[in-house]
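Biologist: Let us go through this model in short questions and answers. Can you take them in turn?

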Amino acid sequence: MTKPQRLLLLFLALFLLPLVLARLAFHQGWLQGGATVNKGQLINPPLAAATLFEDDGKWRLIYVQPAQCDAACEQSLFILGQTHLALGKELDRVQPLVLGAGNVDPADHAGLVFRPVAEVAPLAPGRLFLADPRGFVMLSYQPVAERQAALALGKDMLSDLKKLLKLSQIG
């Protein structure tokens with residue numbers, strides 16, 4: 001093998017070796033279970049809930065209200081509205097949606113979209129969710145009853161949502 005041929009093989013190996021290693025890592029699952037940056041609880045695989053939403057290409061912050069609205073419910077509705085407002089110029093890409101038939105008066109929560117559906121499956125009542133424009137629910141958040149904890153929860157939701165909106169080409 002001549003010197004130019006060895007250089008050519010070395011040059012090709014420099015480009016192909018990272019591709020082969022990346023493919024092996026993906027198929028062997030070497031990178032699964034690594035650190036994540038999301039603040040909410042990742043739902044894997046995502047829940048298909050497109051039948052609960054309109055097909056308008058928007059991301060959704062969802063709260064599934066319980067039959068009786070308690071302190072955690074009120075804080076969740078507050079955080080849902082505040083998180084939506086904190087999106088700024090991305091406000092139109094996201095819809096704050098309240099599902100379920102609870103005892104909350106929609107007039108008390110301007111800016112939130114209420115959809116009184118009887119069946120909210122596969123979503124659990126009393127939780128906050130984040131869904132993509134295709135109707136897949138991917139993150140879940142546990143509501144809290146105290147204001148300070150609710151504000152921290154809102155920051156976590158906003159952080160996750162901003163990352164998704166930044167990286168998303170849809171919605």
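This is a predicted model: local features need pLDDT of at least 70, side-chain atom pairs count only at pLDDT 80 or more; totals for chains, interfaces and linings use all residues.

Modeller: Residues are numbered from 1 along each chain as its sequence is written, and side-chain values use heavy atoms, with hydrogens and water left out.

Biologist: What pattern does the protein follow along the sequence?

Modeller: Helices (H or I, at least four residues) and strands (E, at least two) are DSSP runs, numbered from the N terminus. The protein has 3 helices and 6 strands. Read in order, they give α-β-β-α-β-β-β-β-α.

Biologist: What share of the residues counts as buried?

Modeller: Buried means under 20% relative accessible area, exposed over 50%, and partly exposed in between (1.4 Å probe, protein chains only). The count runs over the 171 residues of the protein, and the buried share is 37%.

Biologist: Why is strand 3 described as largely enclosed, and how many of its residues are buried?

Modeller: In a regular strand the side chains alternate between the two faces of the sheet. Val-94, Pro-96 and Val-98 point one way from strand 3, while Gln-95, Leu-97 and Leu-99 point the other way, and all are buried. Strand 3 (residues 94-99) is therefore largely enclosed by the rest of the structure, with a buried count of 6 of the 6.

Biologist: Which residue of strand 3 is the bridge partner of Ile-62?

Modeller: Two strands pair if DSSP finds at least two bridges between them. Strand 2 (residues 59-64) and strand 3 are parallel, with 6 bridges. The strand 3 partner of Ile-62 is Leu-97.

Biologist: What is the handedness of the β-α-β crossover from strand 2 to strand 3?

Modeller: The chain leaves strand 2, passes through helix 2 (residues 71-85) and reaches strand 3. The test sets the strands pointing away from the viewer; a clockwise path from the first strand over the helix to the second is right-handed. This crossover is right-handed.

Biologist: Which residue in the turn between strand 5 and strand 6 has a positive phi?

Modeller: Strand 5 (residues 128-131) pairs with strand 6 in the antiparallel sense over 4 bridges. Within strand 6 (residues 136-141), 5 of the 6 residues are buried. The two strands form a hairpin with 4 residues between them, and the turn residue with a phi of about 95° is Gly-135.

Biologist: Which residue of strand 6 is the bridge partner of Ala-48?

Modeller: Strand 1 (residues 41-48) also pairs with strand 6, antiparallel, over 4 bridges. The strand 6 partner of Ala-48 is Phe-136.

Biologist: Is Thr-83 buried or exposed?

Modeller: Thr-83 lies in helix 2. Contact means heavy atoms within 4.5 Å. Beyond four places in sequence, Thr-83 touches Leu-61, Gly-154, Met-157 and Leu-158. At 3% relative accessibility, Thr-83 is buried.

Biologist: What is the C-alpha separation of Leu-153 and Gln-142?

Modeller: Leu-153 sits in helix 3 (residues 147-167) and is buried at 11% relative accessible area. Setting aside neighbours within four places, its contacts include Tyr-141, Gln-142 and Pro-143. Leu-153 and Gln-142 are 11 residues apart along the chain, and their C-alpha atoms are separated by 8.5 Å.

Biologist: What is the N to O distance in the salt bridge of Asp-56 and Arg-60?

Modeller: A salt bridge is a side-chain nitrogen of Lys or Arg within 4 Å of a carboxyl oxygen of Asp or Glu. Asp-56 is partly exposed at 33%, whereas Arg-60 is buried at 1%. Their side chains meet at 2.6 Å.
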